[in-house]
Amino acid sequence: MDKFLVASGKAYKMLCVVIICLMVLIVFTNTMLRYFFHSGIVQGEEILRYLFIWLTFLGIMSVYKDHGNIAVTILTDRLSPRAAAVMSLAVNIITLFAFGILVTGSFGYMEESASTVGQLTGLPY
């Protein structure tokens, strides 16, 4: 099982690297085409949008898997352990509330844009 997790982790990281390289290649190619030939890849912007969204999701999964996050601890480092625990609880409650609003809004947006597709690629939003 450990070998499978290590192999899938390597494949996952390789997928992230491929997506980033593809994004850089599309932006570089589009820039060169516009600068030298006054034309470009018309679908490039939409493709980059989809790749960026997927890269964001993959990054979230990576941070969650490693139990990591970005935290500013200037205030909590100066508090007593009890006060830090209370603050952590309050922050978690606020985060859950914000997450609930995000999920509710996401489902509303998904219902509104269910039939919307990209103008150039025809891929659904």
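This note looks at a helix pair and a pocket in a predicted model.

1. Two packed helices are described by the angle between their axes and the distance between the axes. Here the axes of helix α1, residues 2-37, and helix α2 come within 10 Å, and they cross at roughly 155°. Because angles over 145 degrees count as roughly antiparallel, that crossing makes α1 roughly antiparallel to α2. The crossing in which α1 passes α2 is left-handed.

2. The contact between these helices can be followed residue by residue: α1 brings in residues including Y12, L15, C16, I19 and I20, while α2 brings in others, among them G44, E45, I47, L48 and L51. Sorted by class, the contact of α1 with α2 has 16 nonpolar residues, together with four polar and two charged residues.

3. Turning to the second largest pocket, about 230 Å³ of space lies in it, and its lining is formed by F57, I60, F99, L102, V103, S106 and F107. The elements that give two or more residues to this lining are α2, residues 44-65, and α3, residues 81-112.

4. Which element gives the most to the lining of the second largest pocket? That element is α3, which gives five residues.

Conventions: Residues are numbered from 1 along each chain as its sequence is written. This is a predicted model: local features need pLDDT of at least 70, side-chain atom pairs count only at pLDDT 80 or more; totals for chains, interfaces and linings use all residues. Side-chain values use heavy atoms; hydrogens and water are left out. On a 1 Å grid over the protein atoms alone, a cavity is a set of points where a 1.4 Å probe fits but cannot get out, and a pocket is an open set with protein on both sides within 12 Å along at least five of seven lines; lining residues have an atom within 4 Å of a point. Grid points are joined across faces, edges and corners, and a volume is the space filled by probe spheres set on the points. Helices (H or I, at least four residues) and strands (E, at least two) are DSSP runs, numbered from the N terminus. Axes are lines fitted to C-alpha atoms, for helices over the stretch in contact, and angles run from 0 to 180 degrees between N-to-C directions. Angles under 35 degrees count as roughly parallel, over 145 as roughly antiparallel, 65 to 115 as roughly perpendicular and the rest as oblique. A crossing is left-handed if the near helix is turned anticlockwise from the far one by less than a right angle, and right-handed if clockwise. Contact means heavy atoms within 4.5 Å. Ala, Val, Leu, Ile, Met, Phe, Trp, Tyr, Cys and Pro count as nonpolar, Asp, Glu, Lys and Arg as charged, and the others, Gly among them, as polar.
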